[in-house]
Amino acid sequence: MPAATKAVHNILLVSGTRPEIIKLAPVYHALRQAPWARVQWLHTGQHADMADQILACFDVVPDITLSRTGSSLLEFSTGCRQQLEAAMLGQEWSLVIVQGDTESAFQGALAGFYNRVPVAHVEAGLRTYNLARPFPEEGLRQMISRLARFHFAPTQRARVALQTEGIADEFIELTGNTVIDAQQWTCAHRGVKRSVQGRGHLLVTVHRRENWGTDVQEICHAVAEIARQQPDLQVLFPVHLNPVIQGPVNQILGGISNVKLTQPLDYTGMQQALADAWMVLTDSGGLQEEAPTFGVPVLVLRDETERPEAIEAGCALLTGATRSAIVEEVNRLTRDNAAYTRMAQAGNPFGDGTASAQIVAALKLSLVSADLPQPVLA
């Protein structure tokens, strides 16, 4: 008699935005090496051109690409939900994987839930418990946690948050953050390494919705003051394409000789910019995770962060978006070499580059080696 064939599990991986692609790409490549898995990548189209660049960077060609409908979040969500439903009904799925806290991630989780397909949430458990900051991400990630079966927590703090919310230990896996895996992949495959001598540049990024308006202006005035105070310090500012960011950035910083305003960088370009940086000023969550890999201190231009591990580890500081606070901290770290060195050498609290392997191992254990229970709360 012929030998029995082992079941291959169809896995749908859903992405929509640039950060999702970065953090899911290592999981995708790891699953492609797993003989028990047949993984398909679905891209919702939430980000268009920027997403295409990142997909190409990680050698990912989506199997399914949805058409973005409308320009508002409501229009996008409605069209995305309808198209996801069609994809879910197209074949039998063993698992849906989503990452983070975007509208695409929520819609992917919702589609899995409605079709009784288990959902795996990569980077689960991030919380500020302030639904307005970040908005709408805080609400979305909390809702995904109510739907998911597998919760892959990047840090112990995230794991505790999930436990506190009543999610049973057996459904939570502490893996570290796949963003570190992505950085290591990029350094190995794209040749990213430090290319400058001496101090390096001050890297600035601003994009979050809660900083729109006067906060953007405050940040730009702070950068202008720092640049004028330290004319030997080169400032690199990749400017988000949103007009609410473009306007004040170009108006306030456009005429300063040591401030270089550029188009948004692709992923490899941003990793190179981090490798060559002296310090980062940002409201980005991702850069809080990535900069410590290269030993670059981060000043977080927000009032709170869902990544407090960076603050606790000493590789980042919260300054908010106030001009005086930003200038004061940059000047302090310029003068106090010991304080700067402590931040630079604090290490990365978000992982060691093995998160994807741990995720695949956990999925194999549940999908291949055991029956799959329904999600329950403790």
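Author: This is a predicted model. Start with what helix H14 touches. Its buried residues pack against strand E11 (277-282), strand E12 (298-300), strand E13 (316-318) and helix H13 (323-335).

Which residues are these? H14 covers residues 337-344, and Ala 339, Tyr 340, Met 343 and Ala 344 are its buried residues. Viewed down the axis of H14, they fall within an arc of 135 degrees, so they line one face of the helix. Asn 337 and Arg 342 sit on the other side of H14 and are exposed.

Now the strands. E11, E12 and E13 belong to an open sheet of six strands with parallel pairing. The order is E10-E9-E8-E11-E12-E13. Strand E10 (259-262) and E13 are the edge strands, and each pairs on one side only. On average, neighbouring strands of this sheet are turned by 20 degrees against each other, direction ignored.

Look at one pairing in detail. E11 and E12 run parallel and are joined by three bridges. Val 280 has Val 298, in E12, as its bridge partner.

Helices cross this sheet. H13, a packing partner of H14, lies across E11, E12 and E13. H13 runs at about 165 degrees to E11. Elsewhere on the sheet, helix H9 (residues 243-253) lies across strand E9 (235-238) and E10. The angle between H9 and E10 is about 150 degrees.

Is Ala 277 buried or exposed? Its relative accessible area is 5%, so Ala 277 is buried, the cut-off being under 20%. Leaving aside neighbours within four places in sequence, Ala 277 is in contact with Arg 194, Arg 199, His 201, Leu 203 and Val 296. Gln 91 lies 186 residues from Ala 277 along the chain, and their C-alpha atoms are separated by 47 Å.

Last, a residue in another helix. Glu 312 is in helix H12 (residues 308-313). Glu 312 counts as exposed because its relative accessibility is 51%, and exposed means over 50%. Its C-alpha atom is separated by 9.0 Å from that of Pro 349, 37 residues apart along the chain.

Terms used
Residues are numbered from 1 along each chain as its sequence is written. This is a predicted model: local features need pLDDT of at least 70, side-chain atom pairs count only at pLDDT 80 or more; totals for chains, interfaces and linings use all residues. Side-chain values use heavy atoms; hydrogens and water are left out. Buried means under 20% relative accessible area, exposed over 50%, partly exposed in between (1.4 Å probe, protein chains only). Helices (H or I, at least four residues) and strands (E, at least two) are DSSP runs, numbered from the N terminus. The arc is that of the directions from the helix axis to the C-beta atoms. Contact means heavy atoms within 4.5 Å. Two strands pair if DSSP finds at least two bridges between them. Axes are lines fitted to C-alpha atoms, for helices over the stretch in contact, and angles run from 0 to 180 degrees between N-to-C directions.
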